[in-house]
Amino acid sequence: MRVSTPMITGHLAERIAANAERLFRLQQQVSSGKRMLAPSDDPTAAARAVEMRSSLTQIAQYADNVERATQKLKTVDVLLGDLGNAIRSARDIALQAANGAMSADSQAALARELDDLIRRIMETGNAESNGYHVFAGYKTLTVPFATNPSGTPPVIYSGDEGQQSVEVGRDASIVVNVPGSVVFNMGGTANPALDDLFTTLTELRDQILAGDAAAISQQITDIDAHLQRVLVFRADVGGKVSQLDLCATRLQGMHLTVTDALSKTEDVDLSQVVVDLQTQENIYQATAAVAAQVSRMTLLDYLL
Amino acid sequence: MSTFFGINIALSSLLAQQRALDVIGHNVANVNTPGYRRQEAVLRTGEPYPPAGASALLMGGQYGSGVEVEMIRRAQDAYLDLHARTVTQQMAQWESAHAALQEVESIISQTPDANLGALLDRFWTSWQDLSAHPEELSARVDVRQQAITLTEAIRRTVAELRETQAGIDLQLKGKVDDVNRLAAEVASLNTQISAAQAEGKQPNDLLDRRDQDLSELSRLIGITAFATDRGDIIANVGARPLIQGGEWYGIEAATRPDGHIEVRWQEDGTAVRIQTGEMAGAINVRDTTVPNYLAQLDTLAQNLISAVNAVHGTGYGMDGSTGVDFFTPGATAADIDVSAAVLADARAIAAAAAADSPGDGSLALQIAQVRDQALIGGLTLNDAFRSLMTEVATTTREAADTVAARQQSLRQVTLRQQSLYGVSLDEEMSNMIVYQHAYEAAARLMATLDEMLGTLIERTAAV
């Protein structure tokens with residue numbers, strides 16, 4: 001093939017330019033740490049990266065939700081514990097009163113103790129967390145339990161049965177509250193055959209003042225039923241907290257896995273690129289040296 | 001037969017070698033001129049004496065009369081040139097398409113944390129956050145902010161895509177002017193070349209200029225060119241003549257009803273059928289590719305609006321309102337926005353499914369779950385965006401690969417052209433020596449004949 005002068009110079013220029021382009025690209029990869037400088041560099045990998053980022057955002061949100069749910073449930077747990085203790089104390093008072101004749105003073109003293117307990121229980125029912133009532137269902141801004149001015153039933157519940165759900169995974173949500181109507185059996189919501197807790201305890205107080213030992217013994221059965229229910233709820237809440245613990249660990253694991261996969265997809269293998277960079281620089285230097293050599297060769301040097 | 005016949009032979013050699021050296025000089029001077037094709041002086045023997053047909057009374061028959069330059073031949077290969085133009089226009093088409101596509105790709109894909117997919121994700125998680133804090137105003141303000149960022153990004157993407165289209169329109173205007181200028185030049189060259197060839201001269205440098213212009217025209221608008229017997233060029237665009245001998249037909253950039261530029265024939269206003277070249281590549285991206293992406297963005301926006309509004313309308317806000325649209329209904333990707341009610345007061349954002357339930361975040365959760373609804377042909381909104389981005393990336397990748405392949409083809413053709421047409425300094429130098437020696441020999445011959453004649457004149461019959 002006939003080789004003309006522009007072919008030689010053109011070819012050398014073109015090769016040097018191609019090398020420079022490759023060098024530049026490698027430099028860009030090193031400085032950005034990313035393998036792909038634009039999605040078109042690797043469309044399938046770019047799509048996967050978008051999906052993985054999406055996953056990470058979701059996982060982070062679920063982890064947040066799990067923490068919030070755990071906090072809420074722990075609060076409920078503590079309150080149910082308080083409630084359980086109060087009910088036990090009431091039971092103790094009932095046992096005392098059922099055990100025999102008491103003086104009017106003792107009766108009055110027990111009745112006052114019971115009144116205090118009832119008040120404490122109502123306070124527990126109206127407890128707030130972060131400024132919102134825990135046992136009010138959805139009506140978290142209003143005080144759920146209030147004394148009934150007309151006397152019967154003794155306490156009115158103005159919350160609702162709302163169940164607050166929190167999403168902790170895809171298609172996985174967890175209820176983080178127990179409505180007051182269920183805990184205290186207002187209006188027989190949890191057990192239609194039973195009065196609500198306040199009514200039970202108020203009746204107990206009246207029975208103590210009346211000295212009706214038989215009725216008091218009867219009432220203890222009701223108190224046990226209330227206590228049982230509260231303990232069951234507490235166990236339920238405890239179970240959920242453990243579940244959430246596992247959830248949190250699992251989410252942490254998933255976050256690590258996806259972050260790792262994302263890095264493998266997007267990030268540049270630094271050691272490989274640095275080696276490539278060195279190789280490319282060598283090629284560049286060699287090409288330039290050859291160019292200098294070849295362009296010096298001409299017949300003109302040997303004529304005349 | 002004249003006494004000085006021999007001197008004439010020597011003279012013819014001197015002149016011919018000089019001409020040949022001139023041509024070499026021209027080649028050497030133009031070794032770096034783009035589009036220059038090497039020329040060579042073609043030598044042939046002079047007319048023999050006496051001419052055939054006259055009575056051959058002289059001894060020996062016909063005598064040679066020396067050397068003359070028959071013509072200055074220019075290296076050319078019409079098929080190679082045609083092939084080069086074809087490859088050039090294909091490559092130019094894909095190059096301009098690729099350039100536009102790269103712009104489009106960067107508009108749609110942004111940085112990984114800022115693209116529409118990421119913003120959608122943050123929008124959904126803000127609703128999840130609200131569902132866990134339904135009594136909070138701050139959670140609602142956050143939802144509104146994420147929505148504003150998302151809608152702004154969608155609107156901006158549409159605006160930037162439309163800007164790309166406008167940029168192509170501007171480019172086209174400039175290229176139309178270039179095409180007209182080149183067409184006029186080629187037509188004028190056609191006239192000059194035919195005139196010169198009719199007189200038997202070879203207008204080599206004019207031919208070089210014309211080939212350059214034709215190559216440039218191919219790059220811009222994709223022509224099919226062929227030579228007539230008269231040495232003219234007819235250049236067609238989409239089967240209609242752009243240049244016909246000394247005539248040329250101009251094109252113009254006219255505005256279509258949709259606001260974009262259409263290239264039309266000046267003569268009758270019909271559209272020019274541009275099939276390859278830079279203009280074709282850009283037009284294709286403007287009229288087919290970008291509108292496709294804009295349509296997908298519209299579908300995404302419209303489904304986002306209707307799906308979120310449908311759920312939100314059934315919910316209750318912090319201020320007790322219900323039936324409130326979250327996004328302004330009926331908008332497209334170009335004007336999607338958070339509704340005026342929500343912009344005015346974040347309390348109108350509904351989180352509860354029933355009235356008077358401040359602790360109810362179930363509706364906010366429902367809205368967050370719109371994320372998983374298959375709204376667009378079985379795809380979720382996030383999937384639809386990812387699919388769009390993949391389409392853009394793949395199309396751009398394909399264009400880049402095609403450009404590389406065409407560039408490789410062009411390199412091959414150009415190499416063959418340069419091999420055929422390029423000046424080799426070494427070759428010219430060796431030829432120069434050859435002609436130089438011939439000149440010296442002719443000069444020596446001249447001197448010898450001069451001496452011989454001198455002997456004849458001065459020394460014979462001297463009185």
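This is a predicted model: local features need pLDDT of at least 70, side-chain atom pairs count only at pLDDT 80 or more; totals for chains, interfaces and linings use all residues.
Colleague: Why is chain A described as more spread out than a compact globule?
Modeller: Along the principal axes, the C-alpha atoms of chain A fill a box of roughly 145 × 30 × 25 Å, and buried residues make up 31% of its 304 residues. For 304 residues the globule rule gives 19 Å, and chain A is well over that value, so it is more spread out than a compact globule, with a radius of gyration of 39 Å.

Colleague: Is M52(A) buried or exposed?
Modeller: M52(A) lies in helix α2 of chain A, and, leaving aside neighbours within four places in sequence, it is in contact with V258(A), A261(A), L262(A) and T265(A). A residue counts as buried when 20 or more other C-beta atoms lie within 10 Å of its own. Because M52(A) has 21 other C-beta atoms within 10 Å, it is buried.

Colleague: What distance separates the C-alpha atoms of M52(A) and V176(A)?
Modeller: M52(A) belongs to helix α2 of chain A, and V176(A) is 124 residues apart from it along the chain. The separation of the C-alpha atoms of M52(A) and V176(A) is 29 Å.

Colleague: Which element supplies the largest share of the side of chain A that touches chain B?
Modeller: The interface brings 40 residues of chain A into contact with 41 residues of chain B. On the side of chain A that touches chain B, α1 (5-32), α2 (43-98) and β5 (165-169) each supply at least two residues. By class, that side of chain A has 19 nonpolar, 14 polar and seven charged residues. Its largest share, 12 residues, comes from α2(A).

Colleague: Which strand gives the largest share of the side of domain 1 of chain B that touches domain 2 of chain B?
Modeller: Chain B is divided into domain 1 (5-75 + 423-459) and domain 2 (84-408), and the C-alpha centres of these two domains lie 65 Å apart. Where they meet, seven residues of domain 1 of chain B are in contact with six residues of domain 2 of chain B, and those on the domain 1 side divide into three nonpolar, two polar and two charged. The largest share of the domain 1 side, three residues, comes from residues 67-74 of chain B, which form strand β2.

Colleague: How far apart are the end C-alpha atoms of helix α3 of chain B?
Modeller: This helix is mostly covered, with 16 of the 17 residues of α3(B) buried. At 1.5 Å a residue, the 17 residues of helix α3 (residues 116-132) of chain B should span 24 Å, which agrees with the distance between its end C-alpha atoms, 25 Å.

Methods:
Residues are numbered from 1 along each chain as its sequence is written. Chains are lettered from A and ligands numbered from 1 in the order in which they are written. Helices (H or I, at least four residues) and strands (E, at least two) are DSSP runs, numbered from the N terminus. The expected span of a helix is 1.5 Å times one less than its number of residues. A residue is buried if 20 or more other C-beta atoms lie within 10 Å of its own, exposed if 12 or fewer, and partly exposed in between; C-beta atoms are placed from the backbone. Two residues are in contact if their C-beta atoms, placed from the backbone, lie within 7 Å. Ala, Val, Leu, Ile, Met, Phe, Trp, Tyr, Cys and Pro count as nonpolar, Asp, Glu, Lys and Arg as charged, and the others, Gly among them, as polar. Domain bounds come from an automatic or database domain assignment. The radius of gyration is taken over C-alpha atoms; the globule rule is 2.2 Å times the number of residues to the power 0.38.
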